[in-house]
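User: I would like to go through a model with you, one element at a time. Could we begin with a helix?

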Amino acid sequence: MKLDYKKAIAWYKQCPNKGKLYALCGALFALVAVLFMVNSWITFAGARNHVKVLEKQYEESLRKEVYCDKIKAYTMDAFKMLFNQKKVKLDENEKLVLVNFSFEKTNGYETIKKEYGLYYAHLAEMKFLSLLQQVFAEEEFVYAKGEQGNIFVMTSKIVDKKAFFDKCMELQKVWNKIPVSLNSSVMVSDLPLYITGAYVPRKGMDFNALQIKFRQAKDMFQKSNRSFGVTFLGE
């Protein structure tokens, strides 16, 4: 059936004012709906593009930075070098204290990275680091960002083990008391957290060997389904 545009226009001119008003409202509604859908698509595309830009900037910063003054932390390569330098300079009876703070594997950093992207995983790590520095705030503590949500802390001063555990309990209280959110559905404080410390003498294990020990301790905590765990190697 062929549409006669002249008859349609003639009908529109002859119809009552109320009919014209309905027709006009319908046309305006359709126009608003189209504009809304176009705006939503542009907003969504812009948001995705913004996150991609942030992820790219973060990846570039990881390659370029040695020490980030903004977050007061070293990259891992620089931290390992500093660790070895301090270890060599230790006296016979001196020790370094090295501590690893890590999120649980299947319900932590990697999950956020998989579901929300690298930027949000990085944001969780940075918000946790901020809380960590509130508790371990003394000047002798040195911080580093590792991979998969691992953060390392080192001090060249011998810390009493009881004081270390007290600090960890203090961190747990702050961790639970200040729920840091990434968005409306992801709370950083909900992520399981495991802490492993170690004394390192001048002739003690190197950093790579210690990392293996730290991973083993983390695996032990995960198998026990604990949401928070603290241990000191050798204990």
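Analyst: Helix 5 (residues 118-135) has 18 residues and reaches 26 Å from its first C-alpha to its last, close to the 26 Å expected at 1.5 Å a residue. The expected span is 1.5 Å times one less than the number of residues. Helices (H or I, at least four residues) and strands (E, at least two) are DSSP runs, numbered from the N terminus.

User: What kind of model is this, and how are residues numbered?

Analyst: The model is predicted: local features need pLDDT of at least 70, side-chain atom pairs count only at pLDDT 80 or more, and totals for chains, interfaces and linings use all residues. Residues are numbered from 1 along each chain as its sequence is written, and side-chain values use heavy atoms, leaving out hydrogens and water.

User: Which residues of helix 5 are buried?

Analyst: They are L118, A121, H122, A124, E125, M126, F128, L129, L131, L132, Q133 and V135. Buried means under 20% relative accessible area (1.4 Å probe, protein chains only).

User: Why is strand 3 described as largely enclosed?

Analyst: Eight of the nine residues of strand 3 (residues 95-103) are buried, so the rest of the structure largely encloses this strand.

User: How many bridges join strand 3 to strand 6?

Analyst: Nine bridges join strand 3 to strand 6 (residues 193-201), and the two run antiparallel. L98 has A198 as its bridge partner in strand 6, and V99 stands opposite G197. Strand 3 also pairs with strand 5 (residues 151-155) in the antiparallel sense, over five bridges, where N100 is partnered by F152.

User: Which residues line the largest cavity?

Analyst: The lining consists of V97, V99, F136, F141, T155, V159, F164 and K167. Strand 3 and helix 6 (161-177) each supply at least two of the lining residues.

Definitions and conventions: Buried < 20%, exposed > 50% of the residue type's maximum accessible area, 1.4 Å probe, protein only. Pairing = 2+ DSSP bridges. 1 Å grid on protein atoms, 1.4 Å probe; cavity = no way out; pocket = protein on both sides within 12 Å on 5 of 7 lines; lining within 4 Å.
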